[in-house]
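Have the model open while you read.

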Amino acid sequence: MTTTSARTPRPQPRGGRARAAIAAKTLRTDRWWFAPLITVVGLSAWVIYATVRVFMHKWYWVEQYHYLTPFYSPCVTDRCVEGSSHFGQFLPGWWIIPDAALTLPFLLLFRLTCYYYRKAYYRSFWLSPPACAVPDGHQSYSGETRFPLLGQNLHRYFFYAAAIISLINTWDAILAFHSPEGFGFGLGNIILLVNVVMLWAYTISCHSCRHIIGGRLKHFSKHPMRYRAWTGVSWLNVRHMQLAWITLGTLALTDFYVMAVAAGWINDLRFIN
Ligand code: FES
């Protein structure tokens, strides 16, 4: 990618001040394009994998150890295999309906409206702008003031839904301490547990959560408990981007491991029973 190609300077959109008369597209000489490129590759790969898995409708439940992949939790269609439905089967099992149709839309909206992911896909997919000191890929800019981007403001509500879904995933991880003899513990349990811990870390590190915990206060000194909680959430919050990517990885890894055991490609490594 060139960083110095000549082009005609153009005015800033919406009545803003005209851009300085610099012929070069950008004066940056570093690899500013690398971050948007790797974001496109990473997010696209994850979305393709998740879409294939969600509509595969098999290999999501290990009956022997009660492992349920998070992509099918909770399993609520009448197609769900016996034992995998912890909250009933009240949706028809048409192939177009994901077996976790109750939760997946909210998880998708939670991530789509996440402050970090917004930055990531605005920069990488929409080139708006692709990097600091690099021109926007569009002629006009309206921010998030119009439909559909106006809906990004609903993120705070999707946070509550995501917190409930994390509780469901936690319940799944607890139920997975099962073996034909009673209590059991294997590599699958470790993977499910790590995934749940990371999901909680990502969810709690949400900017909306930070505001819920510490916002609308005039004096932290009068709310020591909230201050302590806000400090913890803030510590996680500065790692939100890393947690966003880590959880994509743990979700895919957890799903793949459950699929591999359910399909019989590998045996679960058991430590107890
Ligand atoms: S800001 Fe990313 S999940 Fe809320």
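## The largest pocket

The largest pocket has a volume of about 760 Å³. A pocket here is an open set of points on a 1 Å grid over the protein atoms alone, with protein on both sides within 12 Å along at least five of seven lines, and lining residues have an atom within 4 Å of a point. Points are joined across faces, edges and corners, and a volume is the space filled by probe spheres set on them.

This is a predicted model, so to speak of local features takes pLDDT of at least 70 and side-chain atom pairs count only at pLDDT 80 or more, while totals for chains, interfaces and linings use all residues. Residues are numbered from 1 along each chain as its sequence is written, and side-chain values use heavy atoms, with hydrogens and water left out.

Of the 29 lining residues, Trp-46, Ala-50, Leu-107, Leu-108 and Arg-111 lie nearest the pocket's centre. Helix 2 gives the largest share of the lining, seven residues. By class, the lining splits into 24 nonpolar, four polar and one charged (Ala, Val, Leu, Ile, Met, Phe, Trp, Tyr, Cys and Pro count as nonpolar, Asp, Glu, Lys and Arg as charged, and the others, Gly among them, as polar).

## Helix 2 against helix 4

Helix 2 (residues 104-112) and helix 4 (residues 155-175) have axes that come within 9 Å and cross at roughly 130°. Helices are DSSP runs (H or I, at least four residues) numbered from the N terminus, and axes are lines fitted to C-alpha atoms over the stretch in contact, with angles from 0 to 180 degrees between N-to-C directions. The pair is therefore oblique (under 35 degrees is roughly parallel, over 145 roughly antiparallel, 65 to 115 roughly perpendicular, the rest oblique).

Helix 4 and helix 5 come within 10 Å, axis to axis, and cross at roughly 165°. They are therefore roughly antiparallel. Helix 4 uses Phe-159, Ala-162 and Ala-173, among others, and helix 5 brings residues including Leu-192, Val-196 and Trp-200.

Helix 4 and helix 5 (187-204) each supply at least two residues of its lining, which includes Asn-169, Ala-173, Leu-192 and Val-196.

Definitions and conventions: 1 Å grid on protein atoms, 1.4 Å probe; cavity = no way out; pocket = protein on both sides within 12 Å on 5 of 7 lines; lining within 4 Å. Contact = heavy atoms within 4.5 Å.
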